[in-house]
Amino acid sequence: MTRRSRKALIIGAGIAGPIAAILLRKAGFEAQVFEAWPYSTGIGGGLQIAPNGMHVLAAAGLADKMIRRGSVAEAFEFYSQSGNRLGCINENMEQRFGQPAVNMRRATLNETIVNQAWCENVELFFDKRLVRIEDRADQGVVAHFADGSSAEGDLLIGADGVHSAVRTHVVPDGPKPFDIGLIGLGGFVPRSLIEYSGTGQCVRTTFGRSGFFGFGFCNSDPQDGVMWWSTQPAPAGVDAATFPGMTRDALKRHLLGFHAGWHDPIPQILEAAEDIGVTATLDVARLPRWSRGRTVLIGDAAHATSPHAGQGASLALEDAYRLTCALCAEHEIGTAFQNFERERRPRAERIVALARRNGNQKREFSRAGAWARDRMLKLMIPLTARRRMDWMYAYNPCTVTPRPETSAQRYRQAA
Ligand SMILES: Cc1cc2nc3c(=O)[nH]c(=O)nc-3n(C[C@H](O)[C@H](O)[C@H](O)COP(=O)(O)OP(=O)(O)OC[C@H]3O[C@@H](n4cnc5c(N)ncnc54)[C@H](O)[C@@H]3O)c2cc1C
């Protein structure tokens with residue numbers, strides 16, 4: 001007797017959703033992905049996938065493609081507002097961790113993952129906003145969408161990000177996302193702007209008295225090959241929602257004013273900025289559980305992390321891989337979800353806490369406070385940076401047992 005393949009309904013076609021679908025397909029599951037928005041390309045800013053996340057892209061057959069379409073980051077340098085070099089971290093990542101850290105456009109990553117999902121015969125549905133989940137104990141789980149349609153599967157994976165609708169099913173009166181009062185602005189500028197500055201393949205970041213600025217190569221496009229971002233405390237009474245109403249020129253004036261006097265090439269980057277994106281920095285308090293019945297949360301839906309550890313996307317990729325392992329190793333879905341949560345929670349929560357601490361370095365400092373912080377960073381980075389950071393990158397989710405290939409074989413043989 002052969003058992004039919006189990007079918008996963010996956011909500012969200014950001015990062016975790018389509019990667020989970022690819023990995024589950026490879027492990028013998030059926031997978032359908034439902035995304036709230038119509039299919040689109042070119043949206044979003046730049047981001048970095050760390051070695052721990054790159055291992056998962058490699059398992060999905062995408063690491064080499066993203067290295068070609070992005071830009072390997074050879075180190076992460078810190079500067080003071082006046083251009084004093086404070087230290088450098090994350091050197092030689094590929095030699096030390098088996099994969100490099102890679103900068104890329106979010107849009108390129110998303111388009112590449114979605115294309116790969118199509119190649120793996122994942123069914124992807126766009127313009128399908130999940131509104132309700134019905135979990136019928138002895139039958140399947142049903143996802144209901146805003147257009148009145150529905151889909152039925154054996155399990156449902158909520159990969160629907162920080163504003164997750166699936167989270168409200170798993171934890172009905174659970175925590176909601178809250179704004180931590182830091183605004184992110186960012187975009188892309190031509191490579192020629194930083195090619196002269198000796199930045200090389202490093203990501204350069206600057207701590208100001210108030211706020212933070214970063215930039216680095218993210219692809220080989222001469223026009224758009226540099227990603228930049230500015231993190232700033234929201235002025236009293238202002239939040240990220242205030243900014244989209246501003247014209248490009250007003251946004252640029254605001255940025256040039258905020259970063260006035262910061263070292264080169266920051267003013268030149270801001271002068272050249274065209275399309276400027278604005279995002280609120282959101283956080284979600286710890287959830288009491290990540291699953292309920294046949295439904296589980298992964299990525300930002302389970303443990304949204306502010307961007308200040310540069311790990312949210314890599315954690316989401318890790319989750320996709322480790323959930324696939326858990327489902328291959330254990331046939332009973334609820335037990336598999338609990339095993340997944342037990343394994344993942346400590347690591348995810350440690351990284352969320354680190355991101356919160358890092359975010360606090362980007363708030364407003366007095367002149368003396370900024371001076372002391374810069375001295376402290378200069379002293380501490382060479383002494384403690386590796387201990388504070390390397391544990392995140394050294395984790396390879398694809399070498400932790402159980403692994404999906406072996407577990408899937410075991411499950412098929414037993415069937
Ligand atoms: C400014 C900024 C910079 C960042 N930089 C980095 C970085 O450098 N490195 C890093 O690792 N991380 C970074 N992050 C964090 C990273 O972007 C997130 O952690 C990551 O995108 C989480 O992936 P996900 O798949 O869980 O969710 P998402 O990527 O948010 O995807 C969720 C998807 O679900 C869809 N969806 C939502 N609701 C529904 C619904 N009801 N029905 C159907 N679909 C739905 C959404 O439209 C979306 O496509 C950054 C975040 C921000 C805001």
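Helix H1 is followed by Gly28, whose phi is positive, near 95 degrees. Helices here are DSSP runs of H or I with at least four residues, strands are E runs of at least two, and both are numbered from the N terminus. Keep in mind that this is a predicted model: local features need pLDDT of at least 70, side-chain atom pairs count only at pLDDT 80 or more, and totals for chains, interfaces and linings use all residues. Residues are numbered from 1 along each chain as its sequence is written.

**Helix H1**
- 9 of the 11 residues of H1 are buried, so the helix is largely enclosed by the rest of the structure. (Buried means 20 or more other C-beta atoms within 10 Å of a residue's own, exposed means 12 or fewer, and partly exposed is in between, with C-beta atoms placed from the backbone.)
- Among the buried ones are Ala16, Gly17, Pro18 and Ile19, along with Leu23 and Leu24.

**Around the ligand**
- The ligand is surrounded by 33 residues, and the closest are Gly12, Gly14, Gly161, Gly299 and Gly312. (A residue is near a molecule if its C-beta atom, placed from the backbone, lies within 6 Å of it.)
- H1 (16–26), strand S3 (46–49), helix H10 (300–303) and helix H11 (312–329) each bring at least two residues to this shell.
- H11 gives the largest share, 4 residues.
- Sorted by class, the shell has 15 nonpolar, 14 polar and 4 charged residues. (Ala, Val, Leu, Ile, Met, Phe, Trp, Tyr, Cys and Pro count as nonpolar, Asp, Glu, Lys and Arg as charged, and the others, Gly among them, as polar.)

**The sheet of 3 strands**
- This open sheet runs in the order S3-S7-S4, with antiparallel pairing. (Two strands pair if DSSP finds at least two bridges between them.)
- S3 and strand S4 (71–73) are the edges, each with a single partner strand, so one side of each has no neighbour in the sheet.
- The twist averages 35 degrees from one strand to the next. (Axes are lines fitted to C-alpha atoms, for helices over the stretch in contact, and angles run from 0 to 180 degrees between N-to-C directions.)
- S4 and strand S7 (residues 101–105) pair over 3 bridges, and Val72 has Val102 in S7 as its bridge partner.
- Helix H5 (residues 106–119) lies across S3 and S7, at about 95 degrees to S7. (Contact means C-beta atoms, placed from the backbone, within 7 Å.)

**The sheet of 7 strands**
- The order in this open sheet is S6-S5-S14-S15-S16-S13-S17, and the pairing is mixed.
- S6 and strand S17 (277–283) stand at the edges with a single partner strand each, so one side of each is left without a neighbour in the sheet.
- On average, neighbouring strands of this sheet are turned by 20 degrees against each other, direction ignored.
- Strand S13 (residues 178–189) and S17 run antiparallel, joined by 6 bridges; Asp179 sits opposite Leu282 in S17.
- Helix H13 (residues 367–394) lies across strand S5 (75–80), S6 and strand S14 (202–207), at about 5 degrees to S6.

**Cys88**
- Cys88 lies in strand S6 (residues 85–89) and is partly exposed, with 16 other C-beta atoms within 10 Å.
- Setting aside neighbours within four places in sequence, Cys88 is in contact with Ala75, Phe76 and Glu77.

**Whole chain**
- The chain has 14 helices and 19 strands, and 46% of its 415 residues count as buried.
- Its C-alpha trace spans about 70 × 45 × 40 Å along the principal axes.

Terms used: Two residues are in contact if their C-beta atoms, placed from the backbone, lie within 7 Å.
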